[in-house]
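Biologist: I should like to learn how to read individual features of a model. May we take them one at a time, with the general idea stated before each case?

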Amino acid sequence: MKSIPFSPPFIDEDVYAEVKESLSSGWITSGPKVKALEEAVEKYTGAAACICVNSWTSGALLMLKWFGVGPGDEVIVPAYTYSATALTVLHCGATPVLVDVKDDFTIDPKKIAQVITEKTKVIMPVDIGGWLADYDSIKALVANKKHLFKPATDVQKKLGRILVLADAAHSFGSIYKGRHFNFDADIVIYSFHAVKNLTTAEGGAICINLPEVFEVQETKKYLKIFSLNGQTKDAFTKSQSGPGAWKYDIIALGHKVNMPDVCAAIGLAQLKKYDQLQQERKRVFEYYLKYFSDKKWAINPPYTGENQTSSCHLYMLIIKGIAENQRDKIMDEISKTGVSVNVHFIPLPMLTLFKKMGFDIENFPKAYDNYSREISLPVYPQLSDSDLEYICHSVSDAVEKELTLGKTSF
Ligand SMILES: Cc1ncc(COP(=O)(O)O)c(C=O)c1O
């Protein structure tokens, strides 16, 4: 029997070499490797500026605080996402307003339109599995509802409308309107967590795409300080010799969310061969697409469309006509064959914290429907064709066994 993990990191000799260089350099926290990774992300995405942090979560919290989101404010979030999207809003003392999703798992702009109020400060669409939300419609909504926006801070006054902050935790490598970047969002935050396409073990990258009134380099400089306790000089700069090099100031109530060099080294090595790694993910995705398009019970995830190509982060397979308990039985059956599968995600209104806040999954029927029939399959470059054949048969046998037992036919 094979043993196929769900999402192991891609670690090769180049990763070891880059990490070793950092370890032997005498400097392991934020310094030259982080700077190099930020520049490499800017080059790869074409974003005006990138600030690396120690997770997507801390990056989003930082940006919500920077925008001045606080008690009394509302932030629109899809009901179908990882909890962190909404937790960052709660940590600011603001209210997450949950909205149902579409068949493709992304936030439904028609539903967003119904909940925008004078309290709305931010919309956080999620690029689920690497498939981007409908930013054209979201941008149009933000423009149409501009008159409702009530700025409370200098930054909010400067923008003069709702901020669009893309939860791009899954979409580093997606192609949107011909580029490796979503130029329709104001802020794009990637996750470099261990299971993501590009990893720094834990980490994230904030990419800014703000209107010109926000001077890019000034904003980046401020955000670097804001991500380091509001301290004007990082430890690396302070450690350099020279008169007065040790002096610093604290200019804002910042957070301590900087990325260490030793982590950035992993991402740097991966980014140097990212196109090749993405090619391998595409090979896996296309194998599944071909195999499952012959199965009447399968709905494949979106891959390419008019505006975009997925980063192939997750293969979110949907099984037609099954109930949640049947999906669970299918997953148990698959796991007996040594194949690890997953569910992305348990909708927020089904989690205790959100239930206690009064959210009820009954009000998010699409999120529940998608969730109850979804199974995420392993996607990573190391999977061989023989692994893929094994996974496909394992999934197919388990689904067909359950459909026969449940007397479901197509
Ligand atoms: C959609 C989504 N948003 C946010 C996050 C949080 O990312 P991080 O673990 O880097 O904080 C994740 C992590 O899996 C995620 O899937």
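Modeller: We begin with a term. Helices are DSSP runs of H or I with at least four residues, and they are numbered from the N terminus. The model here is predicted. Just after helix α15, K407 adopts a positive phi of about 55°.

Biologist: What span should the 21 residues of α15 have?

Modeller: The expected span is 1.5 Å times one less than the number of residues. For α15, residues 385–405, that gives 30 Å, and the end C-alpha atoms are 30 Å apart, so the two agree.

Biologist: Which residues of α15 are buried?

Modeller: A residue counts as buried when 20 or more other C-beta atoms lie within 10 Å of its own. In α15 these are I391, S394, V395, A398, V399, E402 and L403. They cover an arc of only 155° around the axis, and therefore lie on the same side of α15. Their packing partners are β11 (315–319), α12 (324–335) and β12 (374–377). On the face turned away from that buried side, the exposed residues are D385, S386, E389 and T404.

Biologist: Is K256 buried or exposed?

Modeller: The cut-off for exposed is 12 or fewer such neighbours. K256 has 11 other C-beta atoms within 10 Å and is therefore exposed.

Biologist: Where is K256 placed, and which residues does K256 touch?

Modeller: K256 sits in the loop between α9 (235–239) and α10 (261–272). Leaving aside residues up to four places away in sequence, K256 touches L228 and N229. The C-alpha atoms of K256 and L62 are separated by 9.6 Å, although the two residues are 194 residues apart along the chain.

How values were computed
Residues numbered from 1 in each chain as written. Predicted model: local features only at pLDDT ≥ 70, side-chain atom pairs only at ≥ 80, totals over all residues. Helix = DSSP H or I, 4+ residues; strand = E, 2+ residues; numbered from the N terminus. Contact = placed C-beta atoms within 7 Å. Arc of directions from axis to C-beta.
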